[in-house]
Amino acid sequence: MSIQHSKFVSHESCNSCGSSDAKAMYEDGSSYCFSCREFSKGGSSATSTKPTELRRKLDLTGVVADISDRSITKATCAKYGVTVEYDSSGKIAKHIYPYYACDTDEVKGTKVRLVQNKDFFATGSTEGVGLFGQQTCRGSGKFLTITEGEVDCLSVAEMFDRRYDVVSLRSGASSAAKEIKEQLEWLEGYDNVVLCFDNDKAGKQAIADVKDLFSPNKLKIVRLPLKDANEMLQARRVKDFVSAWWDAKVYQPDGIVSGNETWDALTNKIKVKSVPYPWQGLNTYTKGFRPYELVTITSGSGMGKSQIVRELEYYLLNATEDNIGILALEEDVARTALGVMSVAADCPLHLEEDLDPDVAFPFWEQTMGTGRYYLFDHWGSTSEDNLLARVRYMAKALDCKWIILDHLSIVVSAQDNGDERKAIDAIMTKLRSLVQELGVGLFLVSHLKRTQGKPHEDGGQISLSELRGSQAIAQLSDMVIGLERDQQNENEEKRNTTTVRILKNRYAGLTGACCYLKYDKITGRMREVPKPQQEDKANAL
């Protein structure tokens, strides 16, 4: 196929599809990629699936001969009916590839390749024709190989001494899905269909486009060390090609893994070590926390979620050697720093209005000054994409193994769609995927919706169904920890004691009230205490 434009100048790599040499450049500044079919006229780009073709009458010319510059023998060309024409110096000037009707032995069209500039034009018609080389195949049997182009088809046939059926696409990677769908019934007649597409961006996209078209266990995909089959042939790496072809794995849909391929994942999982919480009752139920886990901490308003998070932020510094990322969206970085320093000091430094810098500095030095904390400097709500990008950066660039996000609701409030449930679904799915991809442990603070029963702030028991906005929080979290406290109880001990309740425990399965943490207003710390005693109602009377 050819486009009507000025004189050919050179071949270049294509930025759109990644092909190394399929983009033809012309004197008038236009270009055309024969792989992805992107046409650019005078510097402006537009993808054209039907470029202006030079319409030519069917013309069967040339002689059957070796194509020596491609290492293809006369015998292989004869099998496929490929002919060549020579220029005045005796060099091959054209390759002529015949295309046959699907249901007859009639040649309906040809594709002519001009050797000097690698351009193409067509003669006759391609309507009702099959894949290149389809007329040489039996239509059934053990194996059929599909390549992107005619030269690669001939190359595969050459390397297998023409023993196996091999065909190619008519118009390259960009039309793979369309052409394979047209011939799918015929292709399904083979036990194994082997894709041998180019090892470039366009070839990989073509594989993605067609891999789910075939019936289960039929498709195999060859992974080549060089760009394509002809490069393997010309490099005399026939044995390597044959090995790669036989080693091609049966395609399985995304997410399906054979049991005999799980050993590496299993050994990596075994290497993941739990880190104990600073409170023994919580450890008894959870066995600690781990990388690759998303732990949600939830409670009613003003119940001490942030204080418990600060305890964890300081604890992580001493219990691990890892970096810690903190995205505290309701406070500035100075308040976050003071919160962690207060835990280190056993003193609520943030309540000191005239805090002496000389007093504060040692606690800054042993916390923030270690260089192991990284804080997100942003006040208030932020966009979902911005937040996820910061989490990824903390994990990838700053090597943070533990991420604390406080809190989810303020992220959702920044979304434009106005549907809180859908927004929570979307961000929880992305956070869960990030945790798995990055191998981090994520502590996520989330709010509760209002209950119809006893208010959470008055000590009402929390359930998973009360997580705010969406069940995605419960479904996608590995651990959900609820905090309960009766803020208005007349008994000071009960008023300052938080019940820690495990609502979900994917790791160990244990749920229920696991420990009790009392806030010490002198030190500002949360200490584990025994369960508060119930009042004796008889004595109270």
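Select the cysteines to begin. The structure holds 0 disulfides, a disulfide being a pair of cysteine sulfur atoms within 2.5 Å. A disulfide is a covalent bond between the sulfur atoms of two cysteines. Pick Cys-102, which is partly exposed with a relative accessible area of 42%, and then Cys-347, partly exposed at 23%. Here buried means under 20% relative accessible area, exposed over 50%, and partly exposed in between, with a 1.4 Å probe and protein chains only.

This is a predicted model, in which local features need pLDDT of at least 70 and side-chain atom pairs count only at pLDDT 80 or more, while totals for chains, interfaces and linings use all residues. Residues are numbered from 1 along each chain as its sequence is written, and side-chain values use heavy atoms, with hydrogens and water left out.

**Whole chain**

Show the chain as a cartoon. It has 18 helices and 23 strands; these are DSSP runs numbered from the N terminus, helices being H or I of at least four residues and strands E of at least two. Of the 541 residues, 49% count as buried. The chain exposes about 26,600 Å², and carbon and sulfur atoms supply 47% of that area; accessible areas come from the Shrake-Rupley method with a 1.4 Å probe, and for residues only the protein chains shown count as cover. Among contacts between residues at least 6 apart in sequence, 61% join residues at least 24 apart, where contact means heavy atoms within 4.5 Å.

**Thr-76 and Arg-162**

Select Thr-76 in helix α1, residues 74-80. Thr-76 is buried, with a relative accessible area of 0%. Leaving aside residues up to four places away in sequence, Thr-76 touches Leu-154, Ala-157, Glu-158 and Arg-162.

Arg-162 is partly exposed, at 28% relative accessibility. From C-alpha to C-alpha, Arg-162 and Thr-76 are 6.9 Å apart in space, and 86 residues apart in sequence. Not counting residues up to four places away in sequence, the contacts of Arg-162 are Thr-73, Ala-75, Thr-76, Lys-79 and Ala-157.

**Two residues with positive phi**

Ser-71 is in the loop between β5 (44-47) and α1. Its phi is near 60°, a positive value in a residue other than glycine. Ser-71 is partly exposed, with a relative accessible area of 31%.

Move to Asn-217, in the loop between α5 (201-210) and β13 (219-221). Asn-217 is not a glycine either, yet has a positive phi of about 70°. At 56% relative accessibility, Asn-217 counts as exposed.

Select residues 305-319 (α10) and 333-345 (α11). These helices pack at an angle of about 70°, with their axes 9 Å apart. Axes are lines fitted to C-alpha atoms, for helices over the stretch in contact, and angles run from 0 to 180 degrees between N-to-C directions. α10 and α11 are therefore roughly perpendicular to each other; angles of 65 to 115 degrees count as roughly perpendicular, under 35 as roughly parallel, over 145 as roughly antiparallel and the rest as oblique. On the α10 side, show Gln-307, Arg-310, Glu-311, Glu-313 and Tyr-314; on the α11 side, show Arg-335, Gly-339, Val-340, Val-343 and Ala-344. The residues of this contact divide into 4 nonpolar, 2 polar and 4 charged. Ala, Val, Leu, Ile, Met, Phe, Trp, Tyr, Cys and Pro count as nonpolar, Asp, Glu, Lys and Arg as charged, and the others, Gly among them, as polar.

The angle between α11 and α12 is about 95°, with axes 9 Å apart. That makes α11 roughly perpendicular to α12. Met-341, Ala-344 and Ala-345 of α11 meet Ala-360, Phe-363 and Trp-364 of α12. This contact has 6 nonpolar residues, no polar and no charged.

**Helices α13 and α15**

Now select α13 (residues 384-396) and α15 (residues 420-438), which pack at an angle of about 10° with their axes 11 Å apart. α13 and α15 are therefore roughly parallel to each other. The residues in contact include Leu-387, Leu-388 and Val-391 of α13, and Ile-427, Leu-431 and Leu-434 of α15. By class, the contact of α13 with α15 divides into 9 nonpolar, no polar and 6 charged residues.

**Last stop: Ser-463**

Select Ser-463, in the loop between β19 (441-447) and α16 (472-476). Ser-463 is partly exposed, with a relative accessible area of 27%.
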